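Thanks for coming. I have one structure to go through today, and I will start with the place where its two parts meet. Please have a look at it first.

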Amino acid sequence: MKYIFITGGVISSLGKGLTAASLGTLLEARGLRVVLQKFDPYLNVDPGTMNPFQHGEVYVLDDGAETDLDLGHYERFTNCVLTRHNNLTSGQVYESVILKERRGDYLGKTVQVIPHVTDVIKGRIREISDESKYDVVITEIGGTTGDIEGLPFLEAIRQFILEVGAQNVLNVHVTLVPYIKAAHELKTKPTQQSVAKLREIGLQPQVLICRTERMLDLDLRQKLSMFCSVAEKAVIEERDVAHTIYEVPLTLHAEGLDQLVCDLLGLKTQQPELAEWKNFVKRVISPTKRVTIAVIGKYFDVRDAYKSIYESLTHAAASEDCGIDLELIDAESLQDGVNGPLKDVSGILIPGGFGLRGVEGKIKAARCAREHKIPYLGLCLGMQVATIEFARNACGIKDANSTEFDKNGKEPVISLLEEQRGVKNMGASMRLGTWPTKIAKGTVAEKIYGSAEVMERHRHRYEFNMKYRDQMNEKGFVISGTSPDGTLAELIELRDHPYFVGCQYHPEFQSKPNKPHPLFKGFIQACLNYQSRATRAPSDQESPPRVPEQELVLQR
Ligand code: GLN
């Protein structure tokens with residue numbers, strides 16, 4: 001088994017996760033079996049309780065683990081399917097050490113960072129090092145070298161190298177080489193100091209991956225090589241990509257990273273098979289069509305809050321040779337009317353979310369999609385608001401709401417899951433992870449999935465209230481997927497609409513570059529159809545968009 005540790009220096013947000021994932025892509029393309037793992041030095045047990053403004057998206061795994069969004073990159077860029085063992089936080093480490101201490105497992109010893117905390121960390125690397133399954137384990141350490149919280153992880157790696165032998169381990173340091181305008185120069189000092197910080201704790205990187213805006217010339221590579229004790233050919237440039245993150249594996253390959261890593265680890269492999277990946281990238285960069293899609297959410301100040309959704313749209317669009325222009329619309333800005341911002345879009349997507357803020361705006365957007373037959377994809381909360389909208393405006397259930405927003409509401413069309421009633425703790429207590437959905441015959445969903453049962457990942461506390469099923473069905477609201485026992489609504493659609501789909505789960509966690517998720521693919525196809533209908537002469541249109549008077553409110 002070979003081990004690659006990826007640390008980061010100088011600043012955060014260098015795209016270490018993407019770099020780790022891209023290395024995974026390249027090694028897999030060489031025929032190696034790869035698994036990735038992320039260590040997060042913060043003290044939260046998992047990011048599940050963190051606000052998206054703090055941490056970006058929470059990425060959910062099959063087993064229900066709520067993890068760092070880098071695991072999303074890992075799953076999208078490689079074939080590995082991850083579990084809770086692939087994301088370790090300091091919170092988990094200390095939780096387990098303290099639990100053991102309370103049980104008396106340390107037999108009266110003083111419990112310390114070394115060896116007890118570092119043992120837990122090393123144990124986690126070993127836990128996933130299954131030689132029957134993998135050739136290489138790539139472990140990314142979150143945070144930046146020099147952070148106090150990161151020290152136990154770096155110390156654990158130092159010990160681990162001693163235990164498994166230096167010939168089996170590679171330390172890769174991702175760093176920043178900034179361009180200073182006033183000097184017209186790229187600067188190596190931050191990298192030198194970051195490597196010095198690593199050395200202080202006994203770690204010497206063998207590979208430097210330099211994030212930079214400009215080309216690294218030979219002089220600069222030599223300088224980095226000398227000051228950081230890294231071979232010149234192991235100074236790898238990772239310049240900002242021009243179009244899409246999916247270019248990263250290709251640029252790293254062009255820099256010789258995968259060959260270098262295999263040479264350093266003594267791995268005999270073939271040249272990487274990258275044709276399919278290149279094709280995908282080509283389709284992302286130069287599609288022949290374009291379509292405008294509105295995403296109605298509330299976490300747009302953080303670029304990564306809806307990461308998997310944007311990626312899923314990209315995958316699906318590429319498969320239709322189409323590019324996407326995203327309109328990111330703050331749900332609160334729609335409270336008073338939707339027709340300004342939604343006038344020219346060919347599709348409306350409402351992502352998941354929590355809490356009351358912006359909900360009424362989302363309900364208005366769902367109504368607009370329904371009435372104007374604009375393709376709609378509602379994910380989790382997006383399905384719930386579509387349900388509330390339909391109940392209120394198509395079925396006349398005026399007070400319809402979710403008990404999340406109106407605790408004692410008279411018409412709880414969305415209500416707390418039975419199993420959630422006694423739940424007090426917020427962490428890891430939702431309905432989480434992969435559950436089966438039985439697809440109803442004769443529905444759009446059946447056509448899209450082409451299968452009678454699908455497995456999808458969940459993260460929610462509320463659900464459709466089956467009491468309203470028949471009443472809403474009469475008006476055209478179809479429950480097209482349920483839990484196998486038929487008690488939980490998992491998928492909904494509208495009978496008289498070309499593509500109005502809502503799911504209680506999160507399909508965005510299962511889309512891959514060359515394997516777009518069917519619900520996203522169906523959505524993009526419907527958006528393209530809508531667009532071509534909308535650009536036809538008005539007399540051709542099946543349903544000319546109608547704009548109710550009171551909705552004509554100027555936005556912004
Ligand atoms: N807040 C809703 C629930 O808990 C939706 C959750 C989500 O969108 N992930 O059911």
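Between domain 1 and domain 2 there are three salt bridges, a salt bridge being a side-chain nitrogen of Lys or Arg within 4 Å of a carboxyl oxygen of Asp or Glu. Before I go on, the ground rules. This is a predicted model, where local features need pLDDT of at least 70, side-chain atom pairs count only at pLDDT 80 or more, and totals for chains, interfaces and linings use all residues. Residues are numbered from 1 along each chain as its sequence is written, and side-chain values use heavy atoms, with hydrogens and water left out.

The domains themselves: domain 1 covers 2–279, and domain 2 is made of 289–418 + 431–551. Those bounds come from an automatic or database domain assignment. Their C-alpha centres are 36 Å apart.

How many residues are in contact across the boundary? On the domain 1 side there are 25, and they touch 27 residues of domain 2; contact here means heavy atoms within 4.5 Å. The buried area is about 2,000 Å², with 54% of it from carbon and sulfur atoms. That is the accessible area (1.4 Å probe) that two parts lose on being put together, summed over both. In domain 1, the residues that lose the most area to domain 2 are F53, V60 and R76, together 31% of what that side buries.

D62 forms a salt bridge with R457, and the closest N and O atoms are 3.0 Å apart.

Which elements of domain 1 supply at least two residues each to the side that touches domain 2? They are α2 (52–55), β3 (59–60), α3 (70–77) and α11 (275–285). The largest share, three residues, comes from α3. Helices (H or I, at least four residues) and strands (E, at least two) are DSSP runs, numbered from the N terminus.

Away from the boundary, the structure holds 36 salt bridges. One of them pairs K38 with D68, the closest N and O atoms being 3.1 Å apart. This pair links distant parts of the chain, 30 residues apart: K38 is in strand β2 (residues 34–40), and D68 is in the loop between β4 (66–67) and α3.

Two backbone points to finish. I114 and P115 are joined by a cis peptide bond, with omega about 15°, and P115 lies in helix α5 (residues 113–128). V10 is not a glycine but has a positive phi, near 80°; V10 sits in the loop between β1 (2–8) and α1 (16–29).
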